[in-house]
Amino acid sequence: MIRVEGLRKSFGDVRAVDGVDLHVERGQVLVLLGQNGAGKSTTLRCLGGILRPDGGLIELDGLRLPDRLDEIRGRLGVVPDQARLYGRNTAIEYLDHFGYLYGVPAGLRAKRIADLLERFDLADRTDTILAAYSRGMAQKVALIRATLHSPDWIFCDEPTAGLDPVAAADMRRYLSEQRARGAALIVTTHVLSEAELMADRIAIMRHGVVVTGGTLHELQREAEAGRRFSVRLSRTLEDPEPLRQWLREQTVAFEITSEAITYSLPWDASISDRADFAAELQKRLASAGAPYFALEEQQVSLESVYLKAMDEPFATRAESPPPPARTVSGIGALRMFGSLRTQGRLLRHSLPFYVSSWWRRGDLSWVLYLNAFVLLLVAGTSLFGQLPGVASVVAQRFTGGAALQAGLLLPLFFMSFALLESIKSSIGIWWEKAQQSLEVLLYTPIDDPSLIWLEVLPGAVVSTVWVTLWMAAGMGLLSLFGQAAPWDLLPVFAFVAAVTAYWAAMGRMLGFMLFPREGAAGGAWSFLLSPVSAAVADLPLALFVFRSPLAIGSLLLPITACFALTVLCGTTFDRERLMETGIGRTRRRRVWLPLTVVRRNAAAIVAGLLLAAAPAGIAAAVTSNAGLHSWNEVIGSAGLSNGDPASAVAYAPIVTTDSSTTSGTTIAAAGLAGIVATLALMLALVVVSFAAFFLLGVPALLGLMAASVVWGTQLGFGTSAPLQVWLAGAGGIALLALALNTGAALPIYWSLVFGSGRRLDRLREAWSGYWSLYRGIVIPACALFGVTVFRLLAGG
């Protein structure tokens, strides 16, 4: 039995469901009718547990939502408004996957799939991928998926929409079989004749409210005063007044025309009463010389009932929607990490399924080609024994004997990892979102921690294996051509790949929570995730290749970030966020300089400026008091110089030109350089904020202070230092942009580390404020940097 009382659900200021009451017994079909936007689909999603009601009671066979949601999902079958299948799989693969998720044993699963495919005349299409199925065939597969585990409750959202009459009739017959089995069904439809054929009870919704409901007979009685009959007269009555007087006493309503008489009798009139009335009417008409020759009962159609319900005045509530019921969402850290012990079976099933689907999409082929090209470069460079051109000189200066290994293996790791991550939308939750099948997955009895691990673990395994194989191939080529290959570091490459893939996957999951809808923020998030995660992974790997004593310690930050992101994803997880559609949200007018946001974040902006100004001022004062005028002197005073004159930096003399003789070509080149400098700085600042977010804000803060010290030291050299206008002038504006960007991002880092309560809402608000400040104050600072570069280049 399904019992719903006072169900309410609002999206912003839109009441999608406003006090719905429903009651469905076992073996009954309730049909929900209503216009588009009446709240039918939202009601079903609340009953299925993927939307959180603001208020009301939902019980299914005594199991109350949301307390017993995990038990309910295993006994629930849902057919959404669209089939939402996996186009690259066959019907058997697809149904076997969901049968496993619903816990149907393998032997029984195979038998039921074969029987149901035969039942729906799909047995001869088992080798055809689902993308080639017609809409009717896809709807049949969706219905098989929803009933494969013999659910006790079945929700169907317009299951026959777009189907031909034969397919629709077959769909209704199958739902009748489920009703006969004892299942309770709720079906939505716009086809009134279909509702008449299959409904035990009907509820008509309007503006989120059930305006009327009951059996078809009860609705007919509400729509009309009584049973309506019509008789056809053999000729026109000459004096209808006596008959009119009699009908007024005996009927509920009547109407006399020249050709017919229409009358209504009370609904409780028995068959004998109706027959006696018809006989008496014929007697009176015969005596008047106009007997009737045809008598028929005019049935009250469901269409007339529906239209009457739609035409009745509807009193909208003027008061604001009541506040949503306070619910506790998210997953505790202990439950999140503890659930890892139970993920083995799900991983063994989902990994081959996702990878096979991924392979069929063809995404992997072009990644293979690009990685093979990089490997070819590794082979060529290994053959010659050194990096080409100036890259060899730079690598030798910084890495010494490990120059070739670093110059080949680190780019190979970056390319193989970044390219694979760029197509990770084919695995896990992102793949479900791309297939538009996420709603179907959310109805399955997969608990919340498993949904997160479904995004993280398969992708991490694939990335680890993928990167390890390519790195082994690169080291093999080094060895083949007689070069030293660090085979002892192969486990390190595999471990870093696993940690980084885990980190990136948790980042994708968090991106779903922060930016569930399409937009600039979500686009930037997904675009930057792959290269940033690969670049961050290269940093500790470089230390291992260089045999630095800091190598082991460098892994502490990404491991800590993985732990923190896992806790953050768990505490902020909410299935409704994954389903967020933006209902009730209006597009706000974009303000270029958001003064309100600036005032709200003034303390953070000032803090960012102080983090830059304080180290810069100290460095400038120390440099000036020490009488240092070049970086050579700074290095010497620090005891870092080896005394080799050849190692001293030689500055070329600066040749100035008269600006009046500057050519148009020079100005055009300077303008192009200014534009490139502006865009490059803008992108670099976004990348810094993005990477720092996943590393708890540490890189952004340390980078700002380090850049401030460098700039302050340069400023302390005085005006006689080489390139002082460039390094102190343009560099100072770049530092200003970095300080403003860091200040704009400080609320994000603060919410990430110290946030409590509804941390996700705080993070989303912080990110929204960051993008507003980035647009309002950071981009102008970057533009000023570009103008400065243009002015310096154009002025010679």
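Predicted model: local features only at pLDDT ≥ 70, side-chain atom pairs only at ≥ 80, totals over all residues.

**Cavities**

I found that the structure holds four cavities of 30 Å³ or more. The largest cavity has a volume of about 60 Å³.

Which residues line the largest cavity? I listed S41, L44, R45, V78, V79, P80, D81, F155, C156, D157, E439 and Y443.

**Residue I50**

I then moved to I50. I located I50 in the loop between α1 (40-48) and β4 (55-60). Is I50 buried or exposed? I50 has a relative accessible area of 1%. The cut-off for buried is under 20%, so I50 counts as buried.

What does I50 touch, leaving out residues up to four places away in sequence? I noted R45, E439, L442, Y443, R575, E576 and M579. I also checked I50 against M579. The two are 529 residues apart in sequence. In space, their C-alpha atoms are 7.6 Å apart.

Three of these names were already in my notes. R45, E439 and Y443 touch I50, and R45, E439 and Y443 also line the largest cavity.

**Helix α9**

My next stop was helix α9, residues 241-250. Its buried residues are L243, W246 and L247. An α-helix has 3.6 residues a turn, so residues three or four places apart point the same way.

What covers the buried residues of α9? The cover includes β12 (253-256), β13 (260-265) and α10 (271-287).

**Helix α20**

I also looked at α20, residues 490-514. This helix has 25 residues. From its first C-alpha to its last, α20 reaches 36 Å, close to the 36 Å expected at 1.5 Å a residue. How many of its residues are buried? I counted 22 of 25, so α20 is mostly covered.

**The whole chain**

Last, I stepped back to the chain. I recorded 31 helices and 14 strands. The chain has 796 residues, and 50% of them count as buried. The chain exposes about 36,700 Å², and carbon and sulfur atoms supply 61% of that area. Among contacts with a separation of 6 or more, 79% join residues 24 or more positions apart.

Notes: Residues numbered from 1 in each chain as written. Heavy atoms only, no water. Buried < 20%, exposed > 50% of the residue type's maximum accessible area, 1.4 Å probe, protein only. Helix = DSSP H or I, 4+ residues; strand = E, 2+ residues; numbered from the N terminus. Contact = heavy atoms within 4.5 Å. Expected span 1.5 Å × (residues − 1). Areas by Shrake-Rupley, 256 points an atom, 1.4 Å probe, with all protein chains shown as cover. 1 Å grid on protein atoms, 1.4 Å probe; cavity = no way out; pocket = protein on both sides within 12 Å on 5 of 7 lines; lining within 4 Å. Points joined across faces, edges and corners; volume = space filled by probe spheres on them.
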